[in-house]
Amino acid sequence: MNLAYIPSPSHGVLYLGPIPLRGYAFCIIIGVFIAVWYGNKRWIARGGQSGTVADIAVWAVPFGLVGGRLYHVITDYELYFSEGRDWVDAFKVWEGGLGIWGAIALGALGAWIGARRRGIPMPAYADAVAPGIAFAQAMGRWGNWFNQELYGRETHLPWALHITSSEGGRVPGYYHPTFLYESLWCIGVALLVIWADRRFKLGHGRAFALYVAAYCVGRGWIEYLRVDDAHHILGLRLNVWTALIVFLLAVLYFVVSAKKRPGREEVVEPAAVASGGAADGAVDGSAEGTEAAAEGEEKAGESEESPKDEAESAKKG
């Protein structure tokens, strides 16, 4: 028996009367708020308007949830469609099961729709929200702790996770807390992107590409520790192959983008520039109008004086 370990919650659900409060769902919701809040700060710093990130998130979040669930159900279809299983369980998102690969892919599609509707370049938006997404993932992984799921191999390290549930084929014992490893890794990825963006002024989607590549590196070795059932291809878990392929695509995008479009976008939200320009124009216009009025008064004064001068000269004459 381990003298030191990470305890698991006895219940992943608390009931407020008839209303269930699920730890997994709370972690996802808090993660979304973190991503939107921090993304909004970065967007404003880049020259965008406050609230734009939230408006686009209205499209991205639902798409992301659907994409995450679809990826999980497709890659673990036997959990829902094999003999003795109830296919209705495929819709029970609150019980866990969101694949980050599908969430990011379909979430990006939703964000693209929202960005297009506002006339915003998608790469600039992706760069702004990249570290916030990593922080959201770090928070979301604690949902696996509430559900006592997705842990690693058995271990007797002081930070081992104590699994107490025997439901769903679990064997109580002490295991690698892969949820914690990934949570800490995501925080590190977020800090890396923030530092690199400040140091190198990343633009045109390269901050997002860095986030994707860095996350894939961590997901690869963390996935290697997990013991939950998964499909294997050539001896490697499916998610390891996915991480490898996505990593290569992210690096390729980063390199090609840096060569074709170096630097960072000067304008990320045309509407913000237009509103600022209009305000400046109004001020400039008022100033010009004031000057013109002053000049007009002077000319009018001159024209009023000129007949008097003529009359006096006529009398003298």
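Contact means heavy atoms within 4.5 Å. The model is predicted.

Q: Which residues does N40 touch, not counting residues up to four places away in sequence?
A: By that contact rule, N40 touches Q49, S50, G51 and V53. N40 itself lies in helix α1.

Q: Why is N40 called buried?
A: Buried means under 20% relative accessible area. N40 has 18%, so the label is buried.

Q: What makes R46 count as buried?
A: Its relative accessible area is 12%. The limit is under 20%, so R46 is buried. R46 sits in the loop between α1 (23-45) and α2 (52-75).

Q: How do you know that the side chains of R46 and E265 make a polar contact?
A: A polar contact needs a pair of N or O atoms within 3.5 Å, one able to donate a hydrogen and the other to accept it. The side chains of R46 and E265 are joined at 2.8 Å. E265 is also among the residues that R46 touches, along with A124, D127, L202, R264 and V268. That list leaves out residues up to four places away in sequence.

Q: Why is W159 called partly exposed?
A: Buried is under 20% and exposed is over 50%, with partly exposed in between. W159 has a relative accessible area of 40%, so it is partly exposed. Its place is the loop between α6 (142-147) and β3 (161-163).

Q: What does W159 touch, not counting residues up to four places away in sequence?
A: W159 touches I6, P177 and Y181. With the side chain of Y181, the W159 side chain makes a polar contact of 2.8 Å. I6 is 153 residues away in sequence, yet 5.8 Å from W159 in space, C-alpha to C-alpha.

Q: How is the packing of α4 (residues 100-118) and α5 (residues 122-140) described?
A: Two packed helices are described by the angle between their axes and the distance between the axes. Here the axes come within 12 Å and cross at roughly 145°. The crossing of α4 past α5 is right-handed.

Q: Which residues of α4 and α5 meet?
A: From α4 come I100, I104, A108, A111, W112 and A115. From α5 come M122, Y125, I133 and Q137. By class, this contact has 9 nonpolar, 1 polar and no charged residues.

Q: What makes the phi of K201 worth a note?
A: Most residues other than glycine have a negative phi. K201 is not a glycine, and its phi is positive, about 55°. K201 lies in the loop between α7 (178-200) and α8 (206-225). At 48% relative accessible area, K201 is partly exposed.

Q: Is L234 buried or exposed?
A: Exposed means over 50%. L234 has 78% relative accessibility, so L234 counts as exposed. L234 is found in the loop between β5 (232-233) and β6 (236-237). It is not a glycine, yet has a positive phi of about 55°.

Q: How many disulfides are counted?
A: A disulfide needs a pair of cysteine sulfur atoms within 2.5 Å. By this rule the count is 0.

Q: Why is C27 called buried?
A: C27 has 4% relative accessibility, and the limit is under 20%, so C27 is buried. C216, at 4%, also counts as buried.

How values were computed: Residues numbered from 1 in each chain as written. Predicted model: local features only at pLDDT ≥ 70, side-chain atom pairs only at ≥ 80, totals over all residues. Heavy atoms only, no water. Helix = DSSP H or I, 4+ residues; strand = E, 2+ residues; numbered from the N terminus. Buried < 20%, exposed > 50% of the residue type's maximum accessible area, 1.4 Å probe, protein only. Axes fitted to C-alpha atoms, helices over the stretch in contact; angles between N-to-C directions. Left-handed = near helix turned anticlockwise from the far one by under 90°. Nonpolar A, V, L, I, M, F, W, Y, C, P; charged D, E, K, R; others polar.
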